[in-house]
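These are my notebook entries on one protein model. I set down what I looked up, entry by entry.

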Amino acid sequence: MKIAVVGCSHGELDPIYDLLQFIEAENGVKAELLLICGDFQAVRNNADFYSMAVPPKFRKLNTFYKYYSGEKTAPVPTIIIGGNHEASNFMQELPYGGWIAPNIYYLGFAGCVQFRGLRIAGMSGIYKHHDYHRGHFEHPPYNNSSLRSVYHTRQIDVWRLKHLSPIDIFLSHDWPTGIWEHGDVNALLHRKPFFRDDIQSYRLGSAAAAELLEQLQPNYWFSAHLHVRFAAYLRHKSGANTRFLALDKVLPGRRFLQLLDVESRSDEPLSLDPEWLCILRNTDSAAVPSHAPVFLPPISKPTEEEIAEIRATFMDTFRLPENFERTAPTLSEEQNGSKPASWYSNPQTELLCKMVGLRRPFGAPTSLAGMHLPPPSKNPDEIVLDDDDGNNDDDEMVEGSLSKKTETSAPIANPDEIPLGDSDEEQQNE
């Protein structure tokens, strides 16, 4: 089975799908699944910009809104995670995952699904130690702090993922800390010399992702965030191996897409994972919307009896229903002079909570109808990195990129940690 993987998409779906269709027409290679590693930017309308931590000059609709409205449909099943450039109000409607448009599935804060017999797991957001032990307390209307903390990875999600039995593919937005030790770090530093201090001090990447990599040991791990392609091969002490690949952002001439062959185990379409549903139910009491650190008990993996109970609840049918439903107005339905978004309850989340036996999603307010969000301010901790077009290492997987003729919107600056420039002369500023 051919799987396509993309780095940061920044709302640019048209160029991705156009490229996949071009590859199919020119080379006869058809992607059967697309994975996107965060900074997806599922902006449905202008009001969603008030829930996304980017300066006003970088607020661009790009093309996702066409897929949300039904003007276009994704031509290949697509699985995504969130990064740190997201319409967080939309993502928080689906904390346990769900369809954000027909044929485009979001894994939630953390999640695991199956496709053609492969187990695909992932976690959204980026790692920040000062928010890591808190619960998911944020909800619209966001203030200047929660507008950013909402996309910070939480220990509750990492702890839940640690309950999983072996998986095949894992997606994260930022890289596992230390992964550079298993690839060509000199080539990485040639492209990104300002990474040197963070690499030497072990501050580059996510410590939480590194813990998961060590525990889960998937066959493949894909990331994005740093806007550079980097491959690594990790041999675990257990004897298992993980192929790691980080990809660039969607821009002309950039190495943002990779095609690879992965052996499927069945013909089953995108489906819920019974073990993950059991984990969600067993750990529901720990999912509290707390500003304070959340106590997490020792890991206790689901028993065969507990998984059998989930199977009985779902009548052993886990195929995801095509139950996407628009909650916020589309761009054409939006009134002139768009107001900041309100909280929308999502029927997909309500159905999953009812079937699995979960409480109200963490962070969901009791009532926010008509409440407005304040405009986000610029992040004072912004770090500016360069973004040259040098070459990276190659591995055996087939890669693709947009041609220079393809037009895309301006790159999106990262307000939390890595807004990227395009000059080798740019320096990193704390």
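**Entry 1: helix 10.** I looked up which residues of helix 10 are buried and found Pro274, Glu275, Trp276, Leu277, Cys278, Ile279 and Leu280. Buried means under 20% relative accessible area, exposed means over 50%, and partly exposed lies in between, with a 1.4 Å probe and protein chains only. Helices (H or I, at least four residues) and strands (E, at least two) are DSSP runs, numbered from the N terminus. Seven of the nine residues of helix 10 (residues 274-282) are buried, so this helix is largely enclosed by the rest of the structure. I then listed what the buried residues of helix 10 pack against: strand 6 (110-115), strand 7 (118-123), helix 6 (155-161), strand 13, helix 11 (304-313) and helix 12. Contact means heavy atoms within 4.5 Å. At the start of helix 10, I noted that a side-chain oxygen of Asp273 comes to within 3.2 Å of the backbone nitrogen of Glu275.

**Entry 2: the model and its numbering.** I record that this is a predicted model, in which local features need pLDDT of at least 70 and side-chain atom pairs count only at pLDDT 80 or more, while totals for chains, interfaces and linings use all residues. Residues are numbered from 1 along each chain as its sequence is written, and side-chain values use heavy atoms, with hydrogens and water left out.

**Entry 3: the whole protein.** I found twelve helices and 14 strands. Of the 430 residues in the protein, 60% are buried. Among contacts with a separation of 6 or more, 80% are between residues 24 or more positions apart.

**Entry 4: Gly357.** I placed Gly357 in the loop between helix 12 (347-356) and strand 14 (398-400). Gly357 is partly exposed, with a relative accessible area of 47%. How far apart are Gly357 and Cys278 in sequence and in space? They are 79 residues apart in sequence and 9.9 Å apart in space, C-alpha to C-alpha. Residues up to four places away in sequence aside, Gly357 touches Asp284 and Leu352.

Entry 5: I traced an open sheet of seven strands in the order 10-11-9-8-7-6-13, with mixed pairing. Two strands pair if DSSP finds at least two bridges between them. The edge strands are strand 10 (230-235) and strand 13 (271-272), each of which pairs on one side only. Strand 10 and strand 11 (residues 241-246) run antiparallel and are joined by six bridges. I checked one partner: Arg235 is bridged to Asn241 in strand 11.

**Entry 6: strands 1 and 2.** Strand 1 (residues 2-6) pairs with strand 2 in the parallel sense over four bridges. Here I noted Leu34 in strand 2 as the bridge partner of Ala4. In a regular strand the side chains alternate between the two faces of the sheet. In strand 2, Leu33 and Leu35 point one way and Leu34 and Ile36 the other, and all are buried.

Entry 7: Are Asp48 and Asp248 buried or exposed? Asp48 is buried, with a relative accessible area of 0%, and Asp248 is buried at 2%. Asp48 sits in the loop between strand 2 (33-36) and helix 2 (64-69). The side chain of Asp48 makes a polar contact with the side chain of Asn89 at 3.0 Å. A polar contact is a pair of N or O atoms within 3.5 Å; within protein, one must be able to donate a hydrogen and the other to accept it, and residues adjacent in sequence count only if both atoms are side-chain atoms. Asp248 lies in the loop between strand 11 and strand 12 (257-261). Beyond its neighbours within four places in sequence, Asp248 has contacts that include Arg191, Arg229, Arg254 and Arg255.

**Entry 8: backbone angles.** I looked up Asn103, which has a positive phi of about 75 degrees although it is not a glycine. Asn103 is in the loop between strand 4 (98-101) and strand 5 (104-106), and Asn103 is partly exposed at 26% relative accessible area. Gln217 has a positive phi near 50 degrees and lies in the loop between helix 9 (207-216) and strand 9 (220-223). I also noted that the peptide bond from Pro140 to Pro141 is cis, with omega near 0 degrees.
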